[in-house]
Amino acid sequence: MLRTQEYFLNFGPQHPSTHGVFQIILTLDGERIVKGEPVCGYLHRGIEKLAEARTYTQVIPYTDRMDYLAAMLQNLGYVQAVEKLMGIEVPERAEYLRVISGELSRIASHLIGIGVNALDIGAFTGFLLCFREREKIMDLLEELTGSRMTLSYARIGGVADDAPEGWLDRLKKLMDEMPGYIEEYQGLITGNEIFQARTKFIGILSPETAINYSLSGPTLRGSGVNYDLRKARPYGVYDRFDFEVPLGENGDCFDRFLCRMLEMEQSVRIIQQAVEQIKEVDGPVIGKVPKVLKPPKGEVYHEIESSKGIIGYYVVSDGSNKPYRVHVRRPSFINLGYLDEMVRGYLLADVVAILSSIDIVLGEVDC
Amino acid sequence: MAKEKIAPVDEIKQKFGYIEVDEAMTVTVPRDKLLEFMQALKDEFALDYLTNETAVDYPEENKFQVVYNINSIEKGYSLMVKTDVDRDNPELPSVFPIWGGANWQEREIYDLLGIAFTGHPNLKRILLDDQFEGHPLRKDFQWEGGRE
């Protein structure tokens, strides 16, 4: 057989398809990937270290800056961890507002996920369409929280504020329209022949490997592993909603993409039920929480299902008003850990498809 | 908030006398028994998903504490396992052969806290620059030019 010389190619750090500043050092044999070494850390800000010098409440805005595409879910994981540490009860109305804003964040994040996935493969229209609906969600979130991306809406013990007048009706209207939009994406992107050819049977991940490598979110469920924390270990009021967990069959790029698409439908279902149920619930949106938070000495680990996967917070308290240690289990970071083996044997062009099917946010990877 | 399911700690304790269990059902395992114990958790108790691995610096007790959070996808329960590492000799066997998910998490701990994991296939810095000196998440880390 003819032997060719292997060569290196720097994919990134400045490359539009890396979704930020991220580098893969590829070893190529012709166009085949022999090895792909991911290099991250370009966006490392030391959030875990910074948190040690902040009070418990002051840490909340930092969590926004990790996965800024689904900021509410990042807030939620942290505040629930602190609540668990202190044994704080959250008012019911706040729980519903958390579910609603969290699921809105999830839809917004998945819209970017699938839109950018299409864009990376060359379908610019799909990207623009997804951004059209994302903008509507951003408007709603801005009205609710005062901010478009870095929401900082969750508070320890509840949420910052109640929904403004008429907001729930506007939300309901958008959620009623959403299935129509999703159908439109399904026709344009999912049903697209070129898109399918580029993603089907590319980057196949077996369920055993996915579990062994601690992958989570649509990356894990695309391989057919039924593990969604909202169902497996319901937190908050998630046990009151009726929804399904979409699963893939082959564990390829297409299945991971489709999981996100179908998850949006389920999120819409959850929000619709929450909007109905919240009507019956009145009362405060924040519980009785002391002005100065001093959790008892101890530690807690709490994890929730974010849009990218499982986000977990490990918080250690030494009894003072600042956390002794905060560690974040970031789904994007751990999902990337298997990238090297995932790209081996595929073509250079497939690297783009595989990377975007994992749906990473570099703010979260580098923390 | 819904109550979390915790792995059958009593059963595990019966089988492995050397572990300690505290009131929060957290298991502490001696450093030299770590690999044997972890392998048994995976094989016998279906704890197949290493969700989180991290470490904390306790300079007053002259130790690092490495924390493992392990879930069972099939059974739906979870377990927190801890082990102490001497601060003067920060070395610990890697659990990478048991759970592949430890790969990058151990590299992160090595990078930020300076605990060396023996048996790890590619132990080098992951977030910070290769030439960076020191390990920022250690409590005695000082960086001139920083605000705090």
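Helices (H or I, at least four residues) and strands (E, at least two) are DSSP runs, numbered from the N terminus. The model is predicted, with local features requiring a pLDDT of at least 70 and side-chain atom pairs counting only at pLDDT 80 or more, while totals for chains, interfaces and linings use all residues. Residues are numbered from 1 along each chain as its sequence is written, and chains are lettered from A and ligands numbered from 1 in the order in which they are written.

**Chain A as a whole**

Select chain A, which has 15 helices and ten strands. Its radius of gyration, taken over C-alpha atoms, is 21 Å, close to the 21 Å that the globule rule (2.2 Å times the number of residues to the power 0.38) gives for 367 residues, so chain A is as compact as a globular protein of that length. Along the principal axes, the C-alpha trace of chain A spans about 75 × 45 × 35 Å. Of its 367 residues, 54% count as buried; a residue is buried if 20 or more other C-beta atoms, placed from the backbone, lie within 10 Å of its own, exposed if 12 or fewer, and partly exposed in between.

**The loop between β8 and β9**

Select G309(A) next, in the loop between β8 (298-305) and β9 (310-317) of chain A. G309(A) counts as buried, with 30 C-beta neighbours inside 10 Å. Leaving aside residues up to four places away in sequence, G309(A) touches S216(A), G217(A), T219(A), L220(A), P331(A) and N335(A), where two residues are in contact if their C-beta atoms, placed from the backbone, lie within 7 Å. Between the C-alpha atoms of G309(A) and L220(A), which are 89 residues apart along the chain, the separation is 8.3 Å.

**Two residues with positive phi**

Move to F201(A), in the loop between α7 (193-199) and α8 of chain A, where phi is positive, about 60°, although the residue is not a glycine. F201(A) is partly exposed, with 13 other C-beta atoms within 10 Å. Then select S214(A), in the loop between α8 and α9 (218-221) of chain A; phi of S214(A), also not a glycine, is positive and near 55°, and S214(A) is buried, with 30 other C-beta atoms within 10 Å.

**Helix α3 and its partner**

Select residues 71-86 of chain A, helix α3, together with residues 92-121, helix α4; the two pack at an angle of about 135°, with their axes 7 Å apart. Axes are lines fitted to C-alpha atoms, for helices over the stretch in contact, and angles run from 0 to 180 degrees between N-to-C directions. That angle makes α3(A) oblique to α4(A), given that angles under 35 degrees count as roughly parallel, over 145 as roughly antiparallel, 65 to 115 as roughly perpendicular and the rest as oblique. On α3(A) the contact is made by A71(A), M72(A), L73(A) and L76(A), and on α4(A) by R98(A), S101(A), G102(A), S105(A) and R106(A). Of the 16 residues of α3(A), 14 are buried, so this helix is largely enclosed by the rest of the structure. After α3(A) comes G87(A), whose phi is positive, near 70°.

**The side that touches chain B**

Finally, display both chains: the contact takes 31 residues from chain A and 27 residues from chain B. On the side of chain A that touches chain B, at least two residues each come from α1 (47-51), α8 (207-212), β8, β9, β10 (325-329) and α12 (331-336). Which strand gives the most to that side? β9(A) does, with four residues.
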